[in-house]
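Thanks for asking me to look this over.

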Amino acid sequence: MSVVVTAAAPDVAAATVPTPRRHRRGLRHKPLGLVAAGYLVALVAASLVAPRLVSIDPEAQDLSHALSGPTAAHWLGTDRLGRDVLIRLLVGTPGTLVDIAEAVAVFTVLGVGLGVLAGFLGRWTDRTISRFGDLVLALPGIIVLLMVLAVFPGNDLAAMIALGVLSCPVLLRVVRAVTIATRNELFVRAARLSGLTTTQIIRRHVLPWLAGPISVQVSLFAAAAVLAQAGLSFLGLARPETAGPSWGNMISEASDVISTDAWLLVPTGGIVAITVLALGLLGDAVRDVTVGRSTRGAGRWVGLSEAPRPPAEATQDRTLLSVRGLTIGFSGSTVVRDVGFDVHAGETLGIVGESGCGKTVTARSLLGLLPGDGGVTAGSIRFDGTELVGLDDRGLARLRGSRIAFVAQDAMNSLDPTFRVGSQLVEVIRRHQKTSKQDGRKRARELLELVQFPEPDQVARRYPHELSGGMAQRVAIALALAGEPDLLIADEPTTALDVTVQAEILTLLRGLRTRLGMAIILVTHDWGVLADLCDRAVVMYAGEVVEQAGIEELYRAPRHPYTAGLLAANPHRAPVGDALPAIAGTVPPPSAWPAGCHFAPRCPYATTECRAEPVALTVLSPDRSTRCLHADQLVVP
């Protein structure tokens, strides 16, 4: 099987790739994000309108009502000079927001502009701008701000410009990384050959990929700018009280009288805290929305074009792996019992369940990778017509890597820390393909490109400790692909990765399956990952398969109480504002398995009959089975 890398036009790929339902949701499906956005819009509107409508002088003093607290005349109370706190907050908001906008503008313009130039032009431009970013990051920010304010005392504009310049390398690095990845796309090269100018290419093909990362970084910086502006005003270094009220100098005044009137700190400090929280929540919501949108075409990175996922019927022509009655034991104790499932060529099968249900043990047994004294005590594992149970080490070694590959849960531990990434890849390639070292290096570069590394040569020269978690996971997948396997077993490949990297890894696996015709067994406990990648699922509980079904059937109408309980506890399906449902109890260890149904102690439908003897797996249809006597009683959610 050879790896062929092709490209697809962006609009075609985006139109054909099926987008999961949860990725099609916009900001309107993020209630916290909506509330945060609404608050920020109201704050900006108030800053524009309120000062024109307010007829009361914010500096008007009424010493007879100093520190009065909330009253009908003064809704948020008065300060120590009897000035209305609400009026001063409204009048002080425009100046504060203008300062924040100035810092955000400098941060965005420099970060995006320099990041795009560095990532798209490369070479000496990239080196020069990157060194500039490193130099700025090395500067002690607070000292630089104090120096600026010493030269321009009380000048908010100078302070905010300095803050934006000092912080822009954070955005610069993010933008540069995404730009480099997009610059190497075949559709960008085609655009250049078609006569588009560099400006047109950046505007049409690069900037749309940057919308998500920029939105997140800008919202986070804006929150930091709020705190910085308030802190400088609090210290009297920016916007002194003589220049009018601001959030920072009002907090400073409240801190002076906190021992006599603690209330004054609530409205003045509260507006800062709520604004920072709203910006953070808005950034999270934008990230969640843009991750799905930006990764729809992520398979196009380094030329992988995603065709529509083949229907389940099309993958059933050839059974690649057939497991029947699989039983596994350790030291005489059975840990997995009577497990059976099929994997068809080109299909992705998910194995899902809580920790301790036997998912990883089952997956490792397929390659004879059980630790210690563990082994298969009964059952059959047939791979492409070959029986694996009882096969000697030499026979298993011929299959490992070349026909069946494995991606472990902790990718970093799968890499030898004493060898460079390229060296490890070449070693595996030459093991399976019997090629020269020079051809091995060429093939290693192709594999790194295949797993979406925009700079494969640089990655090949790195040691594992120089990689991030997402990069290490990609290298582990590249190692697994070195033998061009027919079946890839991925044991929770997105564990401990952030949501953006997780989405990229899932998109990568989906693209590899489509391009290479490779079957995948995905071990996971994340129902979102399961729905995103898999065609069918096997639900395991306490060493047994309790249900098998297609993904849509499983989500729409679970036929086992355990499956229904897991789905109810899925945060993506839980009603907003309600407590997340949970299944009472824990998974019993093998030594404490009940005599009857293993789930009976935690099951709301359990009866005496369930506890009397083991429950057999009932076949409901050719593609569906359940291990439950009361499957018909389940209410479809």
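The points below cover the sheet, a ring cluster and one glycine.

1. A word on the basis: this is a predicted model, in which local features need pLDDT of at least 70, side-chain atom pairs count only at pLDDT 80 or more, and totals for chains, interfaces and linings use all residues. Residues are numbered from 1 along each chain as its sequence is written, and side-chain values use heavy atoms, leaving out hydrogens and water.

2. Eight strands make an open sheet with mixed pairing, in the order E6-E7-E8-E3-E9-E10-E12-E11. Strands (E, at least two residues) and helices (H or I, at least four) are DSSP runs numbered from the N terminus, and two strands pair if DSSP finds at least two bridges between them. Strands E6 (404-407) and E11 (618-621) stand at the edges with a single partner strand each, so one side of each has no neighbour in the sheet.

3. Within that sheet, E10 (residues 544-550) and E12 (residues 624-626) pair antiparallel over two bridges. Gln548 stands opposite Ser625 in E12.

4. Tyr541, Tyr562 and Phe599 are linked into a cluster by ring pairs (Phe, Tyr or Trp rings, the last by its six-membered ring, with centres within 6.5 Å; planes under 30 degrees apart are stacked, over 60 edge-to-face, the rest tilted). Tyr541 is buried at 1% relative accessible area, and Phe599 is buried at 2% (buried is under 20%, exposed over 50%, partly exposed in between, with a 1.4 Å probe and protein chains only).

5. Gly141 lies in helix H5 (residues 141-151) and counts as partly exposed at 28% relative accessibility.
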